[in-house]
Amino acid sequence: MTAIDILLYDGFDELDAIAPYEVFQNAAALDADFSVRLVTLDDRTQVTASHGLRVEPDGRLDLDDRPDVLVVPGGGWNSRSEAGAWAEAERGVVPDAVATLHDSGVTVASVCTGGMLLARAGLTDGRPAVTHASAVDDLRDSGADVVDARVVDDGDLLTAGGVTSGLDLALHLVDRLAGSAIADRVATEIEYERRFEVHEETK
């Protein structure tokens with residue numbers, strides 16, 4: 001069983017989290033051995049996303065009973081608002097948790113400006129990565145090797161560009177974890193054309 005947690009926080013972008021969630025759940029329905037959860041770092045019954053969607057998380061992210069894959073959405077980076085990726089980067093709790101999990105062997109993936117939370121955690125330093133086009137300069141300034149791609153796969157660290165690229169990221173992870181046949185069936189199910197190449201680093 002591959003445990004996939006998607007980390008929510010107030011101000012996350014809806015599509016950054018829900019698009020991958022739907023892809024993973026569709027893969028599970030097609031016999032991919034996935035367990036998928038929407039999680040938070042604290043005990044709470046509701047999270048409010050950047051456009052007002054209210055979501056009930058499935059549980060709390062457990063730093064001891066860790067998932068195999070953690071997906072971090074973005075949202076609210078450029079607005080520097082009181083809720084969103086910028087606020088979470090400033091608070092430091094999310095970056096610290098992400099770094100702890102990555103250090104323990106968890107594969108970490110981000111969508112959109114979730115990549116800036118990975119950058120704040122120090123995960124993208126000197127590594128290939130991408131984020132939303134409007135935050136690319138911030139990502140580059142943080143020390144990442146910015147790549148012009150929808151999805152960058154650097155093994156235990158994956159990053160995706162803006163918003164809809166979360167679909168590409170999730171389908172790539174399904175391909176990687178459960179095979180191309182299931183990934184292609186999910187793409188057909190959601191009527192999404194997989195037309196973007198993933199930048200994969202060669203070791």
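The legends below describe close-up views of a predicted model. Residues are numbered from 1 along each chain as its sequence is written, and side-chain values use heavy atoms, with hydrogens and water left out. In this predicted model, local features need pLDDT of at least 70 and side-chain atom pairs count only at pLDDT 80 or more, while totals for chains, interfaces and linings use all residues.

**View 1**
Helix α1 covers residues 14-29; helices (H or I, at least four residues) and strands (E, at least two) are DSSP runs, numbered from the N terminus. The expected span of a helix is 1.5 Å times one less than its number of residues; for the 16 residues of α1 this gives 22 Å, in agreement with the 22 Å between its end C-alpha atoms. The N-terminal end of α1 is capped by aspartate 13, with a side-chain oxygen 3.1 Å from the backbone nitrogen of leucine 15. Residues of α1 that are buried include Ala17, Val23 and Phe24 (buried means under 20% relative accessible area, exposed over 50%, partly exposed in between, with a 1.4 Å probe and protein chains only). The buried residues of α1 pack against β1 (2-7), β2 (34-40), β6 (69-72), α6 (165-178) and α7 (180-189). Aspartate 31, which follows α1, has a positive phi, near 80°.

**View 2. Glutamate 88 in helix α2.**
Glutamate 88 belongs to helix α2 (residues 85-91). Glutamate 88 counts as buried, at 8% relative accessibility. Leaving aside residues up to four places away in sequence, glutamate 88 touches Tyr9, Val93, Val94, Pro95 and Leu117 (contact means heavy atoms within 4.5 Å).

**View 3. The salt bridge between arginine 37 and aspartate 5.**
The closest N and O atoms of arginine 37 and aspartate 5 are 3.0 Å apart; a salt bridge is a side-chain nitrogen of Lys or Arg within 4 Å of a carboxyl oxygen of Asp or Glu. The pair links distant parts of the chain, with arginine 37 in strand β2 and aspartate 5 in strand β1, 32 residues apart. Arginine 37 is partly exposed at 27%, whereas aspartate 5 is buried at 3% relative accessibility.

**View 4. The salt bridge between arginine 120 and glutamate 90.**
Here the closest N and O atoms are 3.1 Å apart. This pair joins helix α4 (residues 114-120), which holds arginine 120, to helix α2, which holds glutamate 90. Arginine 120 is partly exposed, with a relative accessible area of 38%, and glutamate 90 is partly exposed, with 48%.

Conventions. Polar contact = N/O pair within 3.5 Å; in protein donor to acceptor, adjacent residues only side chain to side chain.
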